[in-house]
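Here are my notes on the side-chain contacts, in the order I went through them. Have the viewer open as you read.

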Amino acid sequence: MDEREFARQVGHADVLLSQNRFKQAEEILKKLLATGYEQSYLMKMMAVAKLGLGERDAAEELIKIVMSQQPDDPFLFYLLSTISAAKREFDQAKKHIAEAINLEPANSDFFAYKAHLLLQTKEYNDALHHANLALELSAENIDALNTRASALVALGRKNEAYETINKSLSTDPNNADTHANMGWGKLHHGEVSDALTHFKEALKNDPTSEYAKSGMLEAMKAKFPVYRYFLMLFLWLGKLKGNNQWAFIFGGYVAYRIMIKVAQNNPSLQPLLYPIIIFIFLLFISSWIFSPLMNLYLLTNDYGRMTLSGDQKQSAKAVGLSLSICLLCIIIYFVGIRNEGLLSTALLSFAMMIPFGSMNNPVLESNKTKLKYFAILIAIFVTIDSILSLYRQSFTSGLFFLPFVSLIAYQFYANYLIIRE
């Protein structure tokens, strides 16, 4: 391969990477690496391709090889930061991007990425600050504009956020992330129709955008008024840091228990307290099963089926199965087969919607796997208890505590994994 052809293929691989066509780029880069020319530069490109393909360990290995030869290359620290972020190791990711900025303080992309990391860890004021630093270096940096807008939305500065997004759209009117950003901003304020418009535009420009897909799904579900208010509550909750989320969860549970106790001891207060108690109970239950139930509904919609991920479809179908078993047992019981084991099975089947509906909520695959195994274990306990209850024709069996305790433990463990991410 002569020098001209080599340069042409390097340029082609670079274009493929910019278009997120990582597999094609990888194939070209393999051939180029075999020539022995420009090894360090090609390995950096290959690391980007591997990252795009989700092969983080392979990418990290390539980066470390190049880093042994070029220890002061800021782009390598940037790549390491993206790998750490993908692993949800945000402290390490911030250290790597800080080193990249230290080596190349005039690079607006590095400041924009640090702003993005700070947004991920819900440090909204710091995210806004670093986005502004990036924009001082490059006023039209799309990533910085989008991150600035997201930080402003999280801080409740709606008008400034929309001004920033409009500036981003005027700079690049076909940018999928910008339209998705606008969509999420509209969702935060309950403007569902406008949100749908922007998510559709985002997916038209980038059909693979997970950010836009997730927004589109939430907007489609938010067309139902009850879900709309549910979504706004959990978007607000999602802005809180981990400790504050735990405070909300434990505070709600403590308030729930106190009100039950007060209601039991004060019959005159029951008409006032019971509606609140029921609301809190339904709120906690809905936080686990409302979204997968809506996903189950979207499985009946062609566009919904196209937009739902494989994990979302799996959870929706499992929730649908649990709900079907619950309803079937209730129907059989009231039709005439007065086996109290049917009521026990119905209750536990309904409760199984909690683990089935949330087992795919984590971002990390390792955490999804942990919750799936936990859900399977609970399902085994539920099956054993149901068989014994049906056989004895009683509501409880000697093993009822197993599914009951494991369901409670699951909720705390799932919250721990999700909040820690």
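Predicted model: local features only at pLDDT ≥ 70, side-chain atom pairs only at ≥ 80, totals over all residues.

1. Among the elements, helix α6 (residues 90-103) has the highest mean pLDDT, 96, while helix α14 (residues 225-239) has the lowest, 76.

2. How many salt bridges does a search of the whole structure find? The count is 17. Some of them join up: K23, E26, K50 and E55 are linked in a network of salt bridges.

3. D311 is worth a click. Its side chain meets that of K368 in a salt bridge, 2.6 Å from N to O. This pair links distant parts of the chain, with D311 in helix α18 (residues 310-335) and K368 in helix α21, 57 residues apart. D311 is partly exposed at 21% relative accessibility, whereas K368 is buried, with a relative accessible area of 10%. Mind the cut-off when you read the D311 label: buried means under 20%, so 21% falls in the partly exposed class.

4. D311 has another salt bridge, to K372, where the closest N and O atoms are 3.9 Å apart. Since D311 lies in helix α18 and K372 in helix α21, the pair ties together parts that are 61 residues apart in sequence. K372 is partly exposed, with a relative accessible area of 23%. The cut-off for a salt bridge is 4 Å, so the 3.9 Å contact between D311 and K372 still counts.

5. Now the rings. The structure holds 11 aromatic pairs. One of them is F374 with Y410: the ring centres are 5.5 Å apart and the planes stand at 80°, so this pair is edge-to-face. F374 lies in helix α21 (residues 365-392) and Y410 in helix α22 (residues 401-420), so the contact ties together parts that are 36 residues apart in sequence. Buried or exposed, what is Y410? Y410 counts as buried, at 0% relative accessibility. F374 is buried too, at 18%.

6. F374 also pairs with Y413, this time in a tilted arrangement: 6.0 Å centre to centre, with 50° between the planes. Here F374 in helix α21 and Y413 in helix α22 tie together parts that are 39 residues apart in sequence. Y413 counts as partly exposed, at 28% relative accessibility.

7. Elsewhere, F75, Y78, F110 and Y113 form one aromatic cluster. The charged end of K186 sits over the ring of Y162, 4.5 Å from the ring centre, and the charged end of R338 sits over the ring of Y333, 5.0 Å from the centre.

8. Last, a loop residue. D72 is found in the loop between α4 (56-69) and α5 (74-86), and at 58% relative accessibility D72 counts as exposed. The C-alpha atoms of D72 and L103 are separated by 7.0 Å, although these residues are 31 apart along the chain.

Definitions and conventions
Residues numbered from 1 in each chain as written. Heavy atoms only, no water. pLDDT = per-residue confidence, 0-100. Helix = DSSP H or I, 4+ residues; strand = E, 2+ residues; numbered from the N terminus. Buried < 20%, exposed > 50% of the residue type's maximum accessible area, 1.4 Å probe, protein only. Phe/Tyr/Trp six-rings, centres within 6.5 Å; stacked < 30°, edge-to-face > 60°. Lys NZ or Arg CZ within 6 Å of the ring centre and 35° of its normal.
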